[in-house]
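Dear colleague,

I am passing on to you the structure that we spoke about, together with some notes on what was found in it. Please open it beside this message and follow the notes residue by residue.

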Amino acid sequence: MTAREHFDRQFTLENLKKIFKDRIAHTATSGKDGVSPDAFQRVIDSELSQALTRIRNGTYRFTTYRQKLVLKGAGKAPREISIATVRDRIILRAINNVIIECFSDKRQAAPHHYIHEISGLIKPLSNDYSFVQIDVQNFYPNIIHELLMQRVRSRVRTHELLSLIETAIQTPTGTPSPQRLPRGIPQGLSISNILSAIYMIRFDEMMQSRHSYFRYVDDILVVCKTDSAEKTFAFIAKQLEKIGLQCHPRAEFSKSKIVPLNSGVDYLGYSIKPNIISVRKSSYRRMMETIMGVLTGAKHTKNNKRILRRLNIKITGCIFDQKRRGWMFFFSMTTDIKQLRRLDKFVERAWQRAGMQRFGRPKTFVKTYYEVRYRLDKTTYIPRFDEYSKAQKASLIADMMGHEVAGVMAWPQDRIDRTFAKIVRKEVAQLENDITPIS
């Protein structure tokens with residue numbers, strides 16, 4: 001299909017309403033206009049019909065994005081996240097769907113794909129090889145619009161779509177600005193990742209033709225002979241400058257560095273060495289803090305079934321909306337089973353200190369690891385929420401809300417489904433928080 005055909009399929013009233021139902025209706029996020037998904041649903045037909053008219057005549061404008069600041073740690077500037085209005089989120093999702101179809105070969109692979117490739121590459125190598133790690137400074141804010149749109153136009157000629165993309169990336173975040181900035185992609189929009197991948201197409205192709213090269217968003221890793229590492233670092237830095245990007249300089253505590261293979265490197269939440277792949281210490285500590293956060297709740301509630309349910313979901317993750325969610329799925333490439341056993345011991349001791357052992361035993365990371373790696377198609381250990389029966393949904397609702405199962409079973413089916421989805425989506429959102437940010 002052509003870009004025009006993809007665009008015409010996405011930008012219909014029926015499809016935009018489907019996007020709202022599938023991706024937005026269950027959320028509680030509102031943009032700068034303060035309109036919630038529930039409020040938007042009451043006027044959805046008129047709002048989307050007007051939006052389609054403006055898109056077709058080229059007058060659609062995005063509302064200034066609401067600013068959300070995410071802390072990155074002591075001494076670091078916060079990351080600015082842009083939050084669109086409900087209406088704009090629907091349009092952005094449709095734009096994203098079209099772009100992904102047009103650039104289907106440029107989608108960012110999952111982190112574990114890179115870890116698998118890197119692990120296989122370095123395993124037989126000696127210390128004559130080194131890691132060259134480069135962290136790009138302010139990646140999204142420095143993407144040049146003119147270069148980005150040149151790359152988009154290589155496969156897209158649909159005027160309405162190009163106009164929407166340009167308008168979306170030029171819309172300010174926080175305070176409205178009369179001046180259109182020539183660079184920067186707002187972070188947090190559904191189109192942000194695919195547009196950044198498109199921007200890096202030529203750079204990635206050049207590097208892949210010359211080096212054992214891996215890039216995940218702004219984190220670059222190259223494996224090369226130690227005697228050529230300095231030259232490789234300088235070459236990559238120079239090529240980044242040609243597209244308006246700069247890397248953090250090599251310095252103490254900088255993520256830009258050159259290190260021998262046997263010293264290992266932290267990448268995408270992992271600690272990578274030729275002989276072992278472990279979960280990075282900071283990611284490991286974060287999960288321990290998450291576990292303690294769940295068990296702290298035991299002091300403030302008598303609903304012990306809820307505590308056990310929440311802890312088990314943290315440990316096993318889940319499958320929901322046909323996607324694998326959770327810490328162990330993300331870190332399934334680890335080969336450090338001792339690290340997982342230590343984590344299980346930590347859970348066991350914390351569970352006992354909280355006086356919870358009489359309410360059952362939590363699941364384990366080690367068991368989850370083997371289920372993910374070797375039995376995922378058959379496992380019942382990891383919850384598949386998409387396949388839950390009415391009775392299973394009622395049981396989870398009862399445990400999480402402190403109700404009797406029989407009472408919940410008496411609810412209408414649509415109330416059970418809505419309540420179940422709301423609870424699970426909240427837990428899934430927290431699972432995603434457990435593994436992000438990874439840089």
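Leaving aside its neighbours within four places in sequence, which residues is Arg180 in contact with? They are Gln170 and Thr171, where contact means heavy atoms within 4.5 Å.

Before going on, please keep in mind that this is a predicted model, in which local features need pLDDT of at least 70 and side-chain atom pairs count only at pLDDT 80 or more, while totals for chains, interfaces and linings use all residues. Residues are numbered from 1 along each chain as its sequence is written, and side-chain values use heavy atoms, with hydrogens and water left out.

To return to Arg180, this residue is found in the loop between α8 (159–170) and α9 (192–199); here helices (H or I, at least four residues) and strands (E, at least two) are DSSP runs, numbered from the N terminus. Arg180 and Gln170 are ten residues apart in sequence, and their C-alpha atoms are 6.1 Å apart in space. Arg180 counts as partly exposed because its relative accessibility is 46%, given that buried means under 20% relative accessible area, exposed over 50%, and partly exposed in between (1.4 Å probe, protein chains only).

Next come the strands. An open sheet of three strands has the order β8-β9-β10, with antiparallel pairing, and two strands are said to pair if DSSP finds at least two bridges between them. Its edge strands, each of which pairs on one side only, are β8 (265–267) and β10 (276–279), and the twist averages 30° from one strand to the next. Angles of this kind run from 0 to 180 degrees between N-to-C directions, with axes that are lines fitted to C-alpha atoms, for helices over the stretch in contact. Between β8 and β9 (residues 270–273) there are three bridges, and Tyr267 has Tyr270 in β9 as its bridge partner. Helix α6 (residues 111–122) lies across β8, β9 and β10 and runs at about 20° to β9. His113 is found in this helix, α6, and counts as partly exposed because its relative accessibility is 36%. Although His113 and Met333 are 220 residues apart in sequence, they are 8.8 Å apart in space, C-alpha to C-alpha.

A second pair of strands is β4 and β5 (residues 219–225), which are antiparallel over five bridges. In this pair, Ser212 has Val223 in β5 as its bridge partner. Strand β4 (residues 212–216) is mostly covered, with four of its five residues buried. The two strands, β4 and β5, form a hairpin with two residues between them, and Val217 in the turn has a positive phi of about 55°.

Leu268, in the loop between β8 and β9, has a positive phi near 55°, and it counts as buried because its relative accessibility is 1%. Asp321, in the loop between β11 (318–320) and β12 (323–325), also has a positive phi near 55°, but Asp321 is partly exposed, with a relative accessible area of 33%.

On a 1 Å grid over the protein atoms alone, a cavity is a set of points where a 1.4 Å probe fits but cannot get out, and a pocket is an open set with protein on both sides within 12 Å along at least five of seven lines; lining residues have an atom within 4 Å of a point. Grid points are joined across faces, edges and corners, and a volume is the space filled by probe spheres set on the points. By this rule there is one cavity of 30 Å³ or more, and the largest cavity holds about 40 Å³ of space. Among the residues that line the largest cavity are Ile55, Tyr60, Glu160 and Thr167, and α8 gives the most to this lining, with four residues.

The second largest pocket has a volume of about 680 Å³. It is lined by 24 residues, of which the closest to its centre are His26, Arg418, Ala421, Lys422 and Arg425. Helix α19 (413–435) is one of those that supply at least two residues of the lining, and α19 gives the most, with eight.

With best wishes
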